[in-house]
Protein chains: 2
Amino acid sequence: MPGANGLAALWKQPRDPSVSTPSPVAALLAAAALVQPGAADGRPWTAASSDPRTLGWMQGAPPPAERVIVFGDPQAFTFPRLRWSVCHTDQLMPTRAVSRGLTPVRPLPRRERTDLDAVRFQPWGASQPMTWGQAFDANFTDGVVVLHGGAVVYERYAGCLGPTGRHAAMSLTKSLVGLLGEMLVAEGVLQADAPVRATIPELAGSAFGDATVRQVLDMTTALDYSEDYADPEAGVWQHAAAGNALPKPSDYSGPRTYFEFLQTVQRKGEQGRAFGYRTVNTDVLGWLISRATGQSLTEVMAERLWSRLGADAGAFFSVDSIGTPFAGGGFNASLRDMARVGQLMLDEGRIGDEQVIPAAVIRGIRAGGERAAFARAGYRQLQGWSYRGMWWVSHDANGTYMARGVHGQSLWIDPAAGVVIARFASHPVAGNADNDATTLPAYQAISRHLQGR
Amino acid sequence: MPGANGLAALWKQPRDPSVSTPSPVAALLAAAALVQPGAADGRPWTAASSDPRTLGWMQGAPPPAERVIVFGDPQAFTFPRLRWSVCHTDQLMPTRAVSRGLTPVRPLPRRERTDLDAVRFQPWGASQPMTWGQAFDANFTDGVVVLHGGAVVYERYAGCLGPTGRHAAMSLTKSLVGLLGEMLVAEGVLQADAPVRATIPELAGSAFGDATVRQVLDMTTALDYSEDYADPEAGVWQHAAAGNALPKPSDYSGPRTYFEFLQTVQRKGEQGRAFGYRTVNTDVLGWLISRATGQSLTEVMAERLWSRLGADAGAFFSVDSIGTPFAGGGFNASLRDMARVGQLMLDEGRIGDEQVIPAAVIRGIRAGGERAAFARAGYRQLQGWSYRGMWWVSHDANGTYMARGVHGQSLWIDPAAGVVIARFASHPVAGNADNDATTLPAYQAISRHLQGR
């Protein structure tokens, strides 16, 4: 864990508030990961010097003692261990499967191009341009897949990831759960304007009780809840402690599950007025989905999405001690399968002849949320954006929208260019403010390049 | 946990020594599961009264407190919780994936028949015959798939399992690891006649040091090691404690991983003389495989077997705190995929045009091990059988051989009849001696029926 000095130094920097919670253990330790540590030789870590294969984490039978990342290890999600751990969530906490079903694998057509690595873009705030190829390492990328017109035009892996591996999706999870939530609203299983307490009476006394399902979906709930990792009293720490599946210390008296924790979150401010990016909203949505359908979130995800993708691999959620999937950030999947989700969004919910998701659901997400509410959250780097159904909507000319997760996870969908970019990463800094400068303009440059502009 | 009286009553009964270790937690608690407990109303449990859906384990968001099976719960693998837990290993301990690869799913042809349920057989020691349909519940079956000529002729699920679920394979794991071991011997990566210490110097001081790889593969090592769950000093308890991934108690001073435990096992008797069914042999084989290939057992399994099956689903192993797969019993997979393995064995290692496993490897297993060595182990119900490469070989007229795991797991391969039977179960009694009487004659009857005899 970093000392108070390290954290203080970090939090003195101007920052973007787009910090989210990855997973129970990760949340506990995100503070550490937020600090850019130095490598053993004192120089800043690079993709090469932090490569988990080079560092030898968990290699050998047994691995050398100093290269073991042990189950329950509070250091597991600190950098540079993070670069191994993001591919091995299932070894580090209990999980729950999301089946790929019994359907055939749907092959991704391949029309690979060699010109993308040389595409140049201007990182925000930098004096020199950078190429797409250079951005791969600059962002500590573990894997990136670019689809154009439904075909793979670029695919590259590094670090702990390969095409068969599965990686922590961090807060991309939220967008997948949001998608399920929007589908259930469209079906009338959930009512957008109904208060949460109508479906979950246990939340009546919490901030969520009189919030509407729509406010949860768009994260405009008014919560007395902080995700400021620098504050030891912040709600995010209690959330993480509640969700940690390891047996609780004998003197622990707090909430013991995600559901118990959510009931403790109190209201502050006016519901629906301002966007506030808080992981607990997605955990409430996961609860709403489970309660309304009578199924686990993993089952809903499998039935409605994962088993209909023609996925290469099953996916999984990390879970708390009673098996509740971490809806706010616990999803893990293969990168190609994440790209398949992006293509499904791009294709307005159709796979072949099957309408897997109602087109209106995707159009609703793509149209975005209230921009005024979003503006009140003060994202300097995402001015003009909005948030809808747990997706980030740019409102640019191409209608681009995204799923975003800490440490550089992203799923970029550019409808006008017909481009999907799925990326998993293990950037030393959790908050995407740190990598957006070499991420968003790079995605935009690739999209425009493929669009022929 | 059952009281000492319950255990004493059990162990006074004559029993078959074919008791194996399922998983770290399961091993810790197999003693409990060995006792046939009564249902709440005092009558013996039946498949119906113990159905996990009826009992409501882990249903609801959250489940009722008295129906929660919590992570780390020492009761998780006691009956009747066992009937839920066998399908949810990943929620109960850390795991490590075995990828299905990126290959297309290979469909299993279907020629379903309705006549099998009525096939009658004579259970051993019973006065009345039983039908195949009745045996399903009598054996607390969670799922069974029968292949004939490569096609599914019968498939049925109950309890916690369906076609997309994954179930603890218990000691079927041994046969899969044994198969990999035999493949590596055939390739010369492992030397059958070399002592284990030649590959794993750390084991030089243990019973395994001067045992040969062949003796490990055929479990004819001479070990001062007991799998008698009734003896609190038995090695199996230390093995389970070492492999348990939960943080160790502060006063714990024993071995902390599988590898550490294996180094403590001492020799007793003459190597190679008698078969002795001891899970630790497979854990040594797993170590041999990892050390010789430089890969995790999960990677070897994925590369050489699971990614070549055209599997529906990825599989996984439970692991100890440092991520070592539990080679002796930690595998979990879908039932159809287990049936695919059986068909691959039946087809002498070919899938389509590809020779996935050398035919000689499978012929070697099928030919069996030393019957005299097996006879010295004193299995009353398996007279005339032998053990080779961690498979049980019947030496009957059809050349039938099996993988067997506690609580009724089995993979039955009848080459002459062209029949594969894959079954997952959650029988209240761990040792297969208790269900063999309604299992082995049932399999034989189905095979002969399909063979037209």
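Student: In which sense do strand 14 and strand 15 of chain B pair, and over how many bridges?

Tutor: Please note that this is a predicted model. Strand 14 (residues 391-393) and strand 15 (residues 401-405) of chain B pair in the antiparallel sense, over 2 bridges. Met402(B) in strand 15 is the bridge partner of Trp392(B).

Student: What is the order of the strands in the open sheet?

Tutor: The order in chain B is 5-4-17-16-15-14-13, which makes 7 strands with antiparallel pairing. Strand 5 (151-157) and strand 13 (386-388) of chain B each have a single partner strand, so one side of each is left without a neighbour in the sheet. From one strand to the next, the twist averages 20 degrees.

Student: Which helix packs on the sheet?

Tutor: Helix 17 (residues 433-451) of chain B does, touching strands 4, 5, 15, 16 and 17 of chain B. Its direction makes about 30 degrees with that of strand 16 of chain B.

Student: Changing topic, how many residues does the contact take from chain B and chain A?

Tutor: Chain B gives 38 residues and chain A gives 38 residues. The area buried between them is about 3,000 Å², with 63% from carbon and sulfur atoms.

Student: And which residues in chain B lose the most area to chain A?

Tutor: Those are Ala61(B), Phe71(B) and Leu102(B), together 21% of what that side buries.

Notes
Residues numbered from 1 in each chain as written. Chains lettered and ligands numbered in written order. Predicted model: local features only at pLDDT ≥ 70, side-chain atom pairs only at ≥ 80, totals over all residues. Heavy atoms only, no water. Contact = heavy atoms within 4.5 Å. Buried area = accessible area lost by both parts, 1.4 Å probe. Pairing = 2+ DSSP bridges. Helix = DSSP H or I, 4+ residues; strand = E, 2+ residues; numbered from the N terminus. Axes fitted to C-alpha atoms, helices over the stretch in contact; angles between N-to-C directions.
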